[in-house]
Amino acid sequence: MNNDIIFKLKEHLPISDEELQFILTTGDKAIIESLRTAAQDVAVHQHGKIIKARGLIEISNRCKNNCLYCGIRASNSELHRYSLSDKEILECCEMGDNLGFKTFVLQGGEDVEHTTERITNLISQIRARYPHTAITLSLGERDKSDYQAWYNAGANRYLLRHETANPEHYKRLHPSTMSFENRIQCLKNLKEIGFETGTGMMVGSPYQTIDDLVSDLRFMEQLQPHMIGIGPFVPHHSTPFAKFPAGSVDITLRLISILRLMHPKANIPATTSLGTLAKNGREMGIFHGANVVMPNLSPTTHRKEYALYDNKICTDLEAAESRKQIEIQIQNIGYTLE
Ligand code: 5AD
């Protein structure tokens with residue numbers, strides 16, 4: 001074990017569950033550092049010293065679901081709910097385009113007012129205005145026919161984290177109205193339709209074990225997602241998981257490195273939750289193999305209301321400032337924002 005494991009990861013040689021558990025738990029600083037440098041090298045070799053910017057538009061914090069970890073769950077009655085109008089969303093896109101974003105990410109809770117037709121129409125309008133901009137959706141679980149309609153209207157990518165690849169663990173994180181099987185079916189449908197598909201999990205969510213994380217790695221080996229978003233679990237004060245500890249930044253970073261070695265071409269963001277838990281979390285994500293950041297384009301008036309977890313960063317900065325700030329952070333570490 002040790003450097004041998006990193007060699008196997010780099011060369012895509014078979015690797016055992018025990019080896020993955022070892023690399024996730026070892027306290028050996030030299031091994032952890034060689035994992036990190038191997039992952040950063042692969043990221044730079046594959047993607048250059050370039051970090052891709054995705055303009056995130058949080059279109060609605062209404063949600064019919066009751067995921068136990070999530071601050072915008074339906075039964076959080078403390079939260080002021082909003083849903084951006086098409087006009088507001090198009091304004092965000094315009095600002096994003098002016099700032100040079102080549103991808104818009106429309107993310108939201110499972111808002112029952114997001115009818116198939118409304119979202120189809122919205123995508124058509126964005127596609128017509130910005131023929132060369134990628135449209136990424138992150139709107140949760142839907143029927144395959146909805147995904148197909150949105151793809152046909154011009155959406156290119158879809159983010160749907162699997163959250164955990166252990167069905168028993170999935171049950172402990174979600175209400176009984178949701179199922180692991182449906183989640184996985186949605187991911188398969190998205191891939192079949194032709195979406196560039198993203199998935200991922202929270203790290204350190206309540207009841208998660210190291211074995212669960214190994215299952216997550218195996219699941220993604222099978223799925224071969226185009227994008228992999230992982231971030232530490234961060235408690236939200238008005239959820240049933242309020243009293244659980246936050247996930248580990250160290251294990252999140254190790255996982256980013258392992259995933260980079262296993263999926264050299266995947267787009268892996270340095271996520272907001274990582275930036276929330278660790279000072280310079282985004283930069284650390286990049287040093288561990290991430291190649292994407294997602295600055296916020298949502299109107300600042302609603303930023304705080306898209307509260308998936310407590311103390312989420314960048315809630316005050318206007319889109320332009322937030323992009324500028326991230327651009328400087330990235331330049332300071334010798335990379336370029338694209
Ligand atoms: N901590 C960290 N991540 C969270 N998400 C939702 N709630 C939390 C939380 N409390 C993540 C989920 C979801 C993504 C949009 O945000 O993984 O897929």
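Predicted model: local features only at pLDDT ≥ 70, side-chain atom pairs only at ≥ 80, totals over all residues.
Trainee: Let's start with α4. How many residues has it, and how far does it reach?
Mentor: Helix α4 covers residues 86-98, so count 13 residues by the DSSP run. From first C-alpha to last it reaches 18 Å, close to the 18 Å expected at 1.5 Å a residue.

Trainee: Which of its residues are buried?
Mentor: Ile89, Leu90, Cys92, Cys93 and Gly96. They cover an arc of only 155° around the axis, so they sit on the same side of α4.

Trainee: And what's exposed on the other side?
Mentor: Lys87 and Asn98 are exposed there.

Trainee: What covers the buried residues?
Mentor: The cover includes strands β2 (55-60) and β3 (103-108), along with helix α5 (116-129).

Trainee: What about the backbone just after α4, which residue takes a positive phi?
Mentor: That's Gly100, with a phi of about 95°.

Trainee: New topic, aromatics. How many pairs does the structure hold?
Mentor: There are 10 aromatic pairs. Take Tyr147 and Trp150: their ring centres are 6.4 Å apart and the planes are at 70°, so that pair is edge-to-face.

Trainee: Why edge-to-face at that angle?
Mentor: Because planes over 60 degrees apart count as edge-to-face, and the planes of Tyr147 and Trp150 are at 70°.

Trainee: Where do those two sit in the chain?
Mentor: Both are in helix α6 (residues 144-153), three residues apart, which means about one helical turn separates them. In general, residues three or four places apart in an α-helix point the same way, because there are 3.6 residues a turn.

Trainee: Are they buried or exposed?
Mentor: Tyr147 is buried, at a relative accessible area of 0%, and Trp150 is buried with 0% as well. Then there's another edge-to-face pair, Tyr158 with Phe195, at 5.8 Å centre to centre and 80° between the planes.

Trainee: Which parts does that pair tie together?
Mentor: Tyr158 lies in strand β5 (residues 157-159), while Phe195 is in the loop between α8 (180-193) and β6 (196-199), so the pair ties together parts that are 37 residues apart in sequence. Tyr158 counts as buried at 0% relative accessibility, and Phe195 counts as buried at 1%.

Trainee: Which residues make up the cluster linked by ring pairs?
Mentor: Tyr147, Trp150, Tyr151, Tyr158 and Phe195.

Trainee: Which charged side chains lie over rings?
Mentor: Lys49 is one, over the face of Tyr335 at 5.0 Å from the ring centre. Arg172 is another, with its charged end over the ring of Tyr207, 3.7 Å from the centre.

Trainee: OK, Arg142. Where is it, and is it buried or exposed?
Mentor: Arg142 lies in the loop between β4 (134-138) and α6. Its relative accessible area is 19%, so it counts as buried, the limit being under 20%.

Trainee: Which polar partners does its side chain have?
Mentor: A polar atom of the Arg142 side chain lies 2.8 Å from the backbone oxygen of His114. There is also a polar contact of 2.9 Å with the side chain of Asp146. Leaving aside neighbours within four places in sequence, Arg142 is in contact with residues including Tyr147, Trp150 and Tyr158, which are also members of the ring cluster.

Trainee: Last one, Leu223. Where is it found, and what does it touch?
Mentor: Leu223 is found in helix α9 (residues 210-223) and is buried at 11% relative accessible area. Leaving aside neighbours within four places in sequence, Leu223 is in contact with Leu187, Lys191 and Thr199.

Key:
Residues numbered from 1 in each chain as written. Heavy atoms only, no water. Helix = DSSP H or I, 4+ residues; strand = E, 2+ residues; numbered from the N terminus. Expected span 1.5 Å × (residues − 1). Buried < 20%, exposed > 50% of the residue type's maximum accessible area, 1.4 Å probe, protein only. Arc of directions from axis to C-beta. Contact = heavy atoms within 4.5 Å. Phe/Tyr/Trp six-rings, centres within 6.5 Å; stacked < 30°, edge-to-face > 60°. Lys NZ or Arg CZ within 6 Å of the ring centre and 35° of its normal. Polar contact = N/O pair within 3.5 Å; in protein donor to acceptor, adjacent residues only side chain to side chain.
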